[in-house]
Every structure is written in structure tokens, then in C-alpha cells.
Amino acid sequence: MGVNVGHAVLAEGLHKRFDKKAALDGFDLAVPAGTVCGLLGPNGAGKTTAVRILATLLRLDGGRAEVAGHDVVREAPAVRRQVALNGQQSTVDDVLTGRENLVMWGRLYHFSKRQAEARADELLEQFGLTDAAGKRAKHYSGGMRRRLDLASSFITRPSVLFLDEPTTGLDPRNRGEVWREVKRVVAEGTTVLLTTQYLDEADQLADQIVVLDTGRVVAQGTPDQLKSKLGGDRIEVVVRTSEELPVVRDVLGPDAEVDPDAFRVSVAVADRVAALTRLTSALAAKGVEAEDIALRRPTLDEVFLAITGHKAEERA
Amino acid sequence: MNAVRFAAIDSWVVAKRDLIHWVREPVRVFANLAYPIISVLIFGLVFGSAMNVFGGGDYIEFLLPGMFGQTIAFGVGTTLMMVSMDADRGVTDRFRASPMSQTGVVAGRSIADLVNSSLELLVLALCGLVIGWSFHDGLLNALVAFALFLWLRFALVWVGIYLGLLVKPEAAQASWMFLFPLTMFANTFVSPELMPGWLRAVSEWNPLSSTVAAARELFGNPGVGGDSWAAQNSLLLAVLWPAVFVAIFWPLSVLKYRNLSR
């Protein structure tokens, strides 16, 4: 065991270059055992690179990392025995049945045939796949495939689970299924490092969010901390006609964002009560009758935009 | 000792996955078999009467060992495809991130491919026996000939693994375009003696030609001989060429596999 028993994942100053381009440029991370850390960032931010290094799949060029108390370079085999990786694509074998998939992985984790079968049945039960156990995986829904993929990562009850964009390409119902399973395994003590482009996913699952951009950490904290970092609340005004939009904009000031399709103008405010009072009287003076006025915490999308200067989906 | 046992189990588990695929989705096996069988029928029965075997002899007797050779050579496309698909779908990464023996991944691949190719040879041989091909120098020699084909197949597994780790599945699909001429510029369908000078040299030295020529000799089929050193020493070369492939592509594959972590 290493020194940092309290941290299931620890990375210090990771550097990784592909050809001339730096994928990780001094990346630091500390994930306490038993928690979920969401690695958030646009495509190309270095999320997958970080996960692949921590899962011993990629060699690092600089820095050091410990996973489950073992150095990922010097003690790679020990790390592999304690972690599981679920990549962006499903590695489920379509031709095999759900049960056969799990028995295969059990055998590759060096369980005896009988043990592997018993473990497969346990996992099918836990991940709600018992009814589909004998069906070939190609007949599974997207959510079932993901769950089967997750189940195959749980053959040995890993202490750290890496999930690389676990719900990319799933519909909302299937995403919900996967989230439920992730929460369940965390409740049983597994530490999860999750990468995602979906801010609501990080919001839903993560205890701690690390925002990554061009290979380094640009912000971190709990979802609430990140949201309040953005100058507190937002005030939103919805109007009835598009002619009123510029009027409200003038009242809210130069930072206001106009969403013409939703007839909505919004802006970040420091003191919510004072801002609201000022706004209502100004609108009354101009003769604008608002459809709705709301005060709300910023979404993580807005946090991301504010921190990195671009939206999460951009810059593929 | 445990390491050896686990390597053996892992190999078998990986091979079994492929074999189950072939049993449950026989379409691909049939597709692989359809081409050589149809070729045997077209070349043997349609063009056969117009074909000359250098030095005389029945064309079907000449053709079958060539077809065995082409089927074996096409096998490299199968290996290439499977390896690049596993790499592309992240299965290879899952294998690498697991405690399984890394020998098992490639050994399993070899076992599955050799079983598949043995089956193809068997079906093709039965088909040949029906339309008039036979072996004339005893069963033992015939078995040695088949062993030489499988030795070449084993060597090509390593070529396939290396190339499969190098290219995407879409590119792997295009490999047939190169394989096709490579198996035709050989003694498979026509005696090199009947080809123009430069092509004749290429065909005689084509590694596939050595295995096919050695097999013709061992089966007692016509079309054996030729003046070149390669043609004279086909049996030796049928053993050596695959050894050369293994010597080059085994370490290259291992290196490439390790460098996946670059």
C-alpha cells in the first residue's frame, strides 16, 4: 500500500504528449475512497487520456499516479487486479448471451468454471438482467448492454471503477438505468472516476467535479461550489413579445444573454434581492409586463462556459 | 506454473469466443467457403478443359492444391479483420486492463484461426474428392501437406495480428484487394512456366507457391517441377518461408501490442 490510503485515485502533475500535442499538461487529481469524481470537459480536453493512464492502458510521460494504493507504472499488475474500466464503446460480445459474456470475463479473471458461473448469476441478478440471461446480447436494449458491460466490470468487485462517458448515445430512460446502477455500486463502497460531456450527469452522480480543459484542471469542487463560484444566482425574465426583448436587455445591462426563441433574457447577479427589486421597478417604469421572473442557481453548462470561455459541446 | 496454466485457460477462453461465433453465425464461415468452392467449380469444370498444366496432367488435380493455398492465404484477411475489430471496439483495451495473461489473447486468436482454416481445408478437400481430385502418395504424405498449409496459416496469424493492430476495420476490409492478386501471381491457378518472364520470377518466389508446390509433390498431383531454385526446393522453402514470417511478425506484433500504451 502507498502512503495515501485515504485516496483511491491520486495523480500529480501528469504529462502526456501525442506527437507534438500535449493531451495532459500538468494534471492533478485526488479522489477520496468511496466517492464519485466527475471529470468534465469538452472533446479533446484530455479526459479519456487521463482515465487510460490511470487504468494502466497508457504510459505517462511525466508525473506520478497511484490507484488503489499502487503506482500505475511500477505496480501496474496490482492496479489491474483492483480496477475495472468501462470504455466509451460497449465491449459486450453480441453473439454470446448475457450470461456467457459474464462467464467469459469470470474465466479471464481466473475464476474456476463453477465460480465464474455462480458469479455470473449473482451479477445478472444484481444488475437486473436475470430474465435476459439466456438471450444473445445483440437483442439487448442500449441500457441493458451498458448494464451488462458494467456487470462484467464487477466480476471481482473492483475498488476503483473508471467509467469513460458511460451514457454517451443512450436515451434518457436508459441513462437513468445506468445512473441507478452506478449509484448502487458506489453505495457498496466502490470509488468511481467518471468522465462525461453531460453536465447533468456529473451533477447527478458526482460528489466532486473536476473541470478539464486542454489537458489541465481549470476548476474543481462540489457541484454546488462550482455553481456558486459563478457569481451566485441568475435572474431570468420571460416576456410576451419579441419587441420587449431589447427593452429588458437594456434594463439588465450589457452582460445579459438573450434567448429569442424562449422570449427570455437572463443575467448573473450578485445580490439577488436588490437586483430583483431594481428589475421590477425598472420594468414597470418602461411599461413592460413580464410573463415570468425567476431567480435560479446557474446550470453547470453556464459554469462551464464561464470557466473555459466556450460551451461544453464545442471544439470537437 | 500458475502463469502457464492461466495462459492456457485464457487462450482457450478467447478461442472459444470465436468458435462460438462461427457456430452461431455460420454465414461468415459459409461466405469464406463459398468462394473457394465456387472457384473450384468455375476453374475446374468451366475453364478446366481450356487450361494447360505445364508438363501435362489433369487440371483439377493441379488446381486443388492451389485452392488450398489461396484459402489459407485469404485467412490472413480473417485474422486482420478480427484483430482490428477487437481493437476498434475497445475489447483489446478491456483485455489489457484485466489481469488475464497477454499471451492468451494472441494464442487464443491462433487456435481459433487454425481450427477455422482446418475446417475450410477439410470441406474443400471433400469437395475436390467429389469432382476428381485425389492424393496418390499415401495418407501420411497428404497429412504432411496439410500440416504445411497450417504452418503457413500459423505464420499468417502473426502477419494478421500486426496489420490488425495497425489499421482500422474499414481498411482491413480492403485487404482483399491486395490479397487477391497476391494469391494469383503464384502457381495456384496457372503454372509459372506459362507466364511472361518477370511475372514468372515473382510467381515462383511467391512464398505461397512454395507451400503449394510442396503440397503437389506430397499429394502426387501434377505440375511439379520447374528450373528455378525456388521450384526445385519447394519443400525446404515451404518450411522456411513461414518461419521467416514468424521471425519478422511475431516480434513486430509484440512490439506493436506493447506500444498501444504509447
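Over residues 62-83 of chain B the predicted model is 100% helix and 0% strand, with the end C-alpha atoms 34 Å apart; helices (H or I, at least four residues) and strands (E, at least two) are DSSP runs, numbered from the N terminus. Residues 29-50 of chain B are 86% helix and 0% strand, and there the end C-alpha atoms lie 31 Å apart. Both stretches belong to the "transmembrane region" annotation of an unreviewed UniProt entry, which also covers 119-136, 142-167, 174-190 and 235-255 of chain B. UniProt positions are given in the numbering used here, feature names are shortened, and annotations may be inferred rather than shown by experiment. A further annotation from UniProt (unreviewed entry), "domain: ABC transmembrane type-2", spans residues 27-260 of chain B. Across residues 27-260, chain B is 78% helix and 0% strand, with 32 Å between the end C-alpha atoms.

Residues are numbered from 1 along each chain as its sequence is written, while chains are lettered from A and ligands numbered from 1 in the order in which they are written. As this is a predicted model, local features need pLDDT of at least 70 and side-chain atom pairs count only at pLDDT 80 or more, whereas totals for chains, interfaces and linings use all residues. The pLDDT (the predictor's confidence in each residue, from 0 to 100) averages 90 in chain B, where 100% of the residues score at least 70. Within chain B, confidence is lowest in helix 2 (residues 26-47), at a mean of 84, and highest in helix 6 (residues 139-166), at 96. Chain A averages 87, with 94% of the residues scoring at least 70. Its confidence is lowest in helix 11 (residues 300-308) of chain A, at a mean of 73, and highest in strand 5 (residues 70-71) of chain A, at 96. For the complex, the predictor gives an ipTM of 0.84 and a pTM of 0.80.

Where the chains meet, 21 residues of chain B are in contact with 20 residues of chain A; two residues are in contact if their C-beta atoms, placed from the backbone, lie within 7 Å. On the side of chain B that touches chain A, helix 1 (2-24) and helix 4 (91-97) of chain B each supply at least two residues. Helix 1 of chain B gives the most to this side, with eight residues. By class, the side of chain B that touches chain A has eight nonpolar, four polar and nine charged residues. Ala, Val, Leu, Ile, Met, Phe, Trp, Tyr, Cys and Pro count as nonpolar, Asp, Glu, Lys and Arg as charged, and the others, Gly among them, as polar.

Chain A is divided into domain 1 (7-92 + 140-226) and domain 2 (233-296), with bounds that come from an automatic or database domain assignment. The centres of the two domains, taken over C-alpha atoms, are separated by 40 Å.

One open sheet of chain A has four strands in the order 2-1-4-5, with antiparallel pairing; two strands pair if DSSP finds at least two bridges between them. Strand 2 and strand 5 of chain A stand at the edges with a single partner strand each, so one side of each is left without a neighbour in the sheet. Nine bridges link strand 1 (residues 7-18) and strand 2 (residues 21-32) of chain A in the antiparallel sense, and A:V9 has A:V31 as its bridge partner in strand 2 of chain A. These two strands form a hairpin with two residues between them, and A:D19 in the turn has a positive phi of about 55°. Strand 1 of chain A is also joined to strand 4 (residues 62-67) of chain A, which runs antiparallel to strand 1, by five bridges. In strand 4 of chain A, A:A65 is the bridge partner of A:A11. Strand 4 and strand 5 of chain A pair over two bridges. In their hairpin, A:A68 takes a positive phi near 50°.

Strand 12 and strand 13 (residues 264-269) of chain A pair over three bridges, with A:R264 as the bridge partner of A:D259.
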